[in-house]
Structure formats: C-alpha cells, structure tokens
Amino acid sequence: MNLFLSLLIAACGLLAQDVVIRNATIHPITGPQLTGSVVIKDGVIAEIGAKVVAPKGAKLVEAKGLHLYPGMIDSATVVGLTEISSVRETQDATELGDFNPQLRTIVAINPASEHIPVARSNGITSVITQPGGGVIGGQMALIHMDGWTWEEMAVSPAVALHLRFPLMSGGGGRRFGGGQGQQTSFAETRRRYEEQVQKLSQFLEESRRYQKAKAAAPKGFKIDLKFEAMIPVLERKTPVMMTAVRERAIKDAVEFAAKENIRIVLAQVREPGQALADIKAKAIPVILPGTHASPLEEDDAYDSQFTLPSELFKAGITFAFGTFDSSAVRNLPYQVASAVAFGLPREEALKAVTINAARIWGVEDKLGSIEKGKWADLILTDGDPLETTTQIRQMFIKGREVNLDNKHTQLYKKYLNRP
Amino acid sequence: MKKALRWAVLLAPLAAFGADVLIQNGKIITVTKGRLDGSILIRDGKIVEVAEKILAPPGVQVVDAGGQYVIPGIVDCHSHIAAESINEGSVSVSSMVGIEDVLNSEEVSIYRALAGGVTTANILHGSANSIGGKCSVIKMRWGKDTAGLLFEGAKPGIKFALGENPKRRGDADNLQPGAVPRYPATRMGVEDVIRQAFTDAKIYQAEWNDHRAKGGNTLPPRRDLKLEPLVEVLEGKRLVHAHCYRADEILMLLRVADDHGFKIRTLQHVLEGYKVAKEIAAHGAGASTFSDWWAYKVEAYDAIPFNAAIMHKKGVLVSLNSDSAELMRRLNTEAAKAIKYGGLSEDEALAMVTINPAKQLMVDNRVGSIEAGKDADLVIYDKHPLSNYAKVQKVFIDGAMYFDRDKDLSDRAEKEARRKALTEQQRQQQKKTAPAKPAARRPA
C-alpha cells in the first residue's frame, strides 16, 4: 500500500481494516449459538460460519474460548449531556420552556465526556441520549459510543421526540399534594392536570394546522422551527417517547396517543397494573427503567421492580431497557440480569439490550444482532456479559476496534504503582 | 391509616424457631474457613458446628438447603434506613444527638434489606457536620421493637464528615435568601472545627479526671453532652466513622487523629482512598467504600471502581457499603465488582460485605463468617451469591428465620386481600364521618 493511500485511509478514519474473528463462541441473538468465525469488511459483517474465507490483508483476532456478542444498547441515557451531576455548568439536558420539539440533543453531546469510554468498557456500544426538560423536551439521538465528533457518533440523530406526559399526582405516592407542607385538593390537582393535557393537545392541534398551512404553500408562509419539528411526528414517521410511570398515567398516555394519532414508545413504566392489557392491545413498545429501584409503595412486594420485566414478557410486550443515567450506564447489563434472577428468560434479557432495542428504534437493519449485512458492533467477552465478573476483552464499533481504556483504568494503573 | 396498613400487611414476622436448627445439604461459604458441602448446627441462636456430616440431634428443626449456597449474613457498614431523621445540620458539631433516639423498627426498608441478605447494618447520622451525631449498629430483626433491633454489645460510633457536604452550609451563594452561612465554608475550616472540638474535649476530659482523682470530693464539672462522646473517642470507647472523598482531606483527618492520639475506625466513601492507601494502612483505619459510584459531584469525579481493590492490595481493611436502602438489597453483587475491577478472589470479594465490615464495627467475634461460636446469621441463595442471577431464599438471624421467600410469595394473596379489606373499611369510615355539605347560606 503506498503512503498516499495509507494517509488517505487514516485521514478518513471511518474506513476500517477488515477483520476476521476466529474460533469464537458466537451468540447472534437472532439465531442459534455457533462456534466459528466472523468476517468484518468495510465495517459490516460480511460472513459468519464455522469456516470462512479471510479477505486478503485482514487482521486476525484469535478468540478461542471467548464469546462474541452484539454490542449492547442503552435505550435511555443522558450520555454526553452531563459530566458532574452537581455542577450546573456541565448540565445540558434541561432547557427552559414546555414545548421544545425543535431542540436537537445530538448537537450538545460532548464526544470527550469521560462517561463514554467508561460505559463502553462494559460492553455498551450504542445509547439513546435524551433531553429532559418541559413537556416536549426535544429530539432524542441514537449514538455510537465512539467518534471524534457528534457527527461521527450519530446513528439516528432524531430517533424520537421526548415527551413527559403530565402527572396527575402533585406530590409523591398516591397522595395528592403540592410538595412539602402544601396540601392540594384532589379537585385542584385534577384541574391542573387537565389544564396541562389541554395545553399539550393544543400544541399538537397548532402543529397540525401549521402542517396543513405549509402544505397549502401560501405566499409569505413563515417557517416556525417548533412546528416544523412536529411534522415527522404527525406523519407518524418519528415516534414519541412518552414517560408514564403508573397505571393511570400509562392509560391516559395510551389514550392520548390514540386520540392524537401519534406513534409512541412508553418509558419509565414501573407500576403498569391493568394498563399492561392496553399496552399489549396497541402493540406499544416499552423502555423499562433499570430494575435496581425500590418498590414505589411501602406495601408493594419487595421484588416488584425485579419481576416487572418478566411480567411484560409474559404479557407479550416488546421492551428494551434504559438506565436514564450517564455515569451508571456501565451497569446496564447488571440491571437486566436482576430481571433474569426474578423470572425473565436470559435470552429475552439479552434481546432487550440488543435486537429489541434496535427494533424499537427502527435500526434493526444495522444494529442489535450478529447477522450478515449488519454493522460490526461487537463485543468479545470471557463469559456472560450480564454477569459482573465477566470481562469485556475487545470491542468493535462499525468494524473498528475501540480502545477499552478509560479514566478509571488509567487512574488504577497510576495509583496501583504509586511507590 | 398508613400505619394500620403497614402493620396489617407487612408486619407478619415469621415464626421463630424455638428449637435447635440444622441446616443440611448446603454449599457453605464460611468466608474465613474455606468452603464445604455440608451442614450447620444451630443452638440457642449460635452456630455450634459446621461440618460435612452432622447427625440430627433429637427434636432439631431440619432445614434442607437443597444444595444451595449458604453464606454469613451480609453486614452493611453504611446505611441510613430505619431512622426517622438523619441530619442535625444546625451546628458544625452535633455530637450530642444520636440515631438511637430516632430508630423506627417499622420501616419497610428493614424487611427489604433482609430480603437482600443483610442481617447487620451500621446506621449513621448524616454528613452535614464536620462532627456529626452518634451511630447505632442494628440487626434486621423485623417484627421486633426498636430496642430489639440494636446489636447488643456493639461499640457505639460517631459520624464525622469532610469536604463538600459539611462546607455546603457555609456557601453563602447557595443558601436560601436570608439564611446565615454556617462555619466552615472550606476544607481548612473543617479541620479547624475538628481540632477545636478535640482540644475542648481534652480539657473537659482533664477536668473530669481531676475530679475523679480527688475522690469525687470536688465540685463535679458541668456535664457537656457535646463533648462526652468525643471524650469516649479519645478513650477508645466510641468508633469514628468519617465521611470523606478527596485524598487531601483523608490525610488531614488521619493527622488530626494522630495528633490527638485517637484512631479513625473507618473512612466512609473514601473514594480517593486509593491515592493515599499507604497512609490509611499506616494509621490503621478501615475503608468502607462504594463499588462504583462516581461523577455525582466534583469530589467524586476521580472515584474509580478499582478503589476497593487498590486499598485492599495496599493493606487496608476494606468493606463495600450501600448508603442506600435500594443498593443495600444487593451488596452480594456489589462484592462481585471487586473481582471485575482489580481481580480479587471470590473470598476476598465476599469478605468485603461480611467479615471485613464486621471487623470495622468490631462485631467480628459475633458475625461476619460461618464459624462455631458465632451468631447464626445466615443467608441461603439459590445460586452463587456473586452471580447476578442469584436471589435470597432464606435469612436467619440468631438462628431464627426472618425471611423466607417461599413464605413471602405464598402470603401475598392473603396480604393483598387484607389490604383491600382495610382500604374498603377506611373508605366506608370516611363516608360516614365526612361532614355534610353546608347548607346554602341564605341572604340575611
């Protein structure tokens, strides 16, 4: 290879060397486990099998005794939007205002965040990063956990719209109240709630009128970025991720989505109760929060958050997991494993952080399993990736080998060797 | 109403075994004396024998572990459950207050901690003050009253706190309008508060010593409830558990203690402990840390999950704690992180949630391992306790079964029925007692 070509490839940075991973126990997720090799060409999985032909010049990775899984996907995070929770200057998830569909999370993702290599080193290759403010917070982004810029990281820069469905309860729990020391009557709480839902409906109605007006293309039509951002939602092209925790909120959210004819993904479902039937009937996918949470009520079963994923599975609902965090994204696999301890089949847990997430976010042609034609987002492990004691040995994102070093491993080496 | 529900629905303590208990057919991880497949004989709440084969004495209650794992009850060296209040934040030194006075034996976190295999916990005052309140060691004896929770004979403790938390109230920019900043506002001030308090305590101690030396014939010094616990610290009668993060403040406290001739029993959180592990080991302080929390504040930005392993390798007695009612329920898999991050052995990892915290609390003669003579505080797991797929099946404290997953499951339908009945009863009562609508006022 001449120098010019090498420099060109290095400069592009995106063109990966071909790789052959040999003798691995391959877990395709969408098919049966096999022992063999995977060929990666131009960042894509070109071949899988017991015997494969290595492309000329390909890098060989000997993986005898190791396991090859697709990289894991965290379906709800604030990765890149926060660095130190208590420092206001490092927070970029929460904008002012109630309705901000035009906000683009992707542009505020800090590719140099220390959280990215930390999460990556535990097998997370992609995450959804979400905004957190107001009612409509903005556009969520599906990103790769590697890249020099947010452009290089972007997989789906506007994968969904974030919507926090209004809450009926004023304070916490089943009681009604406006926080500490302030008692709010049920009637007042209800009035406020209905007012908020009404405002949301009105915003959607105005967006629809804007859509119609734009289609009519009148002279002097003024572009409005807020309403412009709502068009793909109204056209059902972009889903809306709606947070709804308890039964009543979930029912209201589902009903609202049907009335407004928008496509939704439910998020942070914790206490669905009878609403499970509604979710199932309308085939709405769910992003579950981590299982490592206390039960909502003091008389709930002690294991209510551990058993929830298994209940959704039994009800036939498609779900993925989100940590709704940044520094703790690395614990995604362990949150999922706790659901396995309490009844979720292990294969389903793995699907929830791979193929099901890819399906929910409309990227199953690229991510979520080891299949020919998909991006080579792969992790090579010395065991079950859902077990804490397992080590991630190597990682590939779009076929490029990714460095698993991070701030923590660097400090470890430095201080372990302190004289 | 809430209270009635809680009692009726949750507080159904399991029938304690009055008789001797024999746990058979267990994969026993003793933590201190290796592993064996065998039995544990319990008499009067104490382990009397651990062996491959033990003949069942007559009248003994036999529990078949069914080939599952048995480990010592988990000890959490840092918790705030079962306490009605945590911080007396109005003063920089709040050693006059204590957690024992605000323990709540009905808090459901106790049951949930049990269901996560925890049998002993150190309940600490908060971290708002350089010198905080007194701490209590409890056992998760769910169903017993407050006095029944206390770990009898455990040395009392006291909370210290360094860094961001104690200086927060000195930060005038971040206080409520009109609030007066409280000293200290810097790490320098934190040192000063602690040095001054111990300087005062030494004078107070000398006054009492002098009074006693004179046969009590002089006028006794005026009692000072703030300084008394600090005198106990100086005399080795009370253990110091110090909340800290950064390497500089850790070293500062060790030197203050050295200068005043007392010991720091445990450094709590101690997230930068790995930077001064040598100095911590030399002082003889224990370290009770999180497995992998980081980046939630500036002083936690250099926190690394290898902290426990580095400190352990450099000779520090290390435990992994929860500081959270939720995390408390899965300290067994927190221990697994010491294997992942730093390559410790399974026994070293399990020790960090059993015998090590027991040593730090100086209750290792009673709990923390499976050995003859110790309290029968035991946990049965269906899978290896370091696996994320394991769940707790049964928990014994003092030989009595306080948690049984089978029973928890089989009781659920009945509890739900009782909950509904009570809710309905409450609803009816509210209807009856609801005031009648006031009659429309007639114009005068």
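In helix α4 of chain A, residues A:F203, A:L204, A:E206, A:S207, A:R208, A:Y210, A:Q211 and A:K214 meet A:K226, A:F227, A:E228, A:M230, A:I231 and A:L234 of helix α5 of chain A, where contact means heavy atoms within 4.5 Å. Helices (H or I, at least four residues) and strands (E, at least two) are DSSP runs, numbered from the N terminus. By class, the contact of α4(A) with α5(A) comprises 7 nonpolar, 2 polar and 5 charged residues; Ala, Val, Leu, Ile, Met, Phe, Trp, Tyr, Cys and Pro count as nonpolar, Asp, Glu, Lys and Arg as charged, and the others, Gly among them, as polar.

The structure is a predicted model, in which local features need pLDDT of at least 70, side-chain atom pairs count only at pLDDT 80 or more, and totals for chains, interfaces and linings use all residues. Residues are numbered from 1 along each chain as its sequence is written, chains are lettered from A and ligands numbered from 1 in the order in which they are written, and side-chain values use heavy atoms, with hydrogens and water left out.

The axes of α4 (residues 186-216) and α5 (residues 225-234) of chain A come within 9 Å and cross at roughly 90°. Therefore α4(A) is roughly perpendicular to α5(A), a term for angles of 65 to 115 degrees, with under 35 counted as roughly parallel, over 145 as roughly antiparallel and the rest as oblique. Axes are lines fitted to C-alpha atoms, for helices over the stretch in contact, and angles run from 0 to 180 degrees between N-to-C directions. The loop between α4 and α5 of chain A contains A:A217, which has a positive phi of about 45° although it is not a glycine.

Chain A is assigned domain 1 (14-70 + 368-419) and domain 2 (72-367), with bounds from an automatic or database domain assignment. The contact involves 30 residues of domain 1 of chain A and 34 residues of domain 2 of chain A. Together these domains of chain A bury about 2600 Å², 65% of it on carbon and sulfur atoms; buried area is the accessible area (1.4 Å probe) that two parts lose on being put together, summed over both. On the domain 1 side of chain A, the most area is lost by A:G368, A:W375 and A:L386, together 26% of what that side buries.

Chain B is divided into domain 1 (17-73 + 369-407) and domain 2 (74-367), whose C-alpha centres lie 30 Å apart. These domains of chain B bury about 2300 Å² between them, with 58% on carbon and sulfur atoms. In chain B, the loop between α4 (164-168) and α5 (187-213) holds B:P184, and the peptide bond from B:Y183 to B:P184 is cis, with omega near 5°.

Between the chains, 51 residues from chain B and 48 residues from chain A take part in the contact. The two chains bury about 4500 Å² between them, 51% of it on carbon and sulfur atoms. Of the area that chain B buries against chain A, B:W294, B:K340 and B:Y389 supply 18%, more than any other three residues.

The pLDDT, the predictor's confidence in each residue from 0 to 100, averages 93 in chain A and 94 in chain B. Over residues 171-181 of chain A the pLDDT is below 50, and over residues 1-13 of chain B it stays under 50. Where pLDDT is low, the predicted coordinates should not be read in detail.
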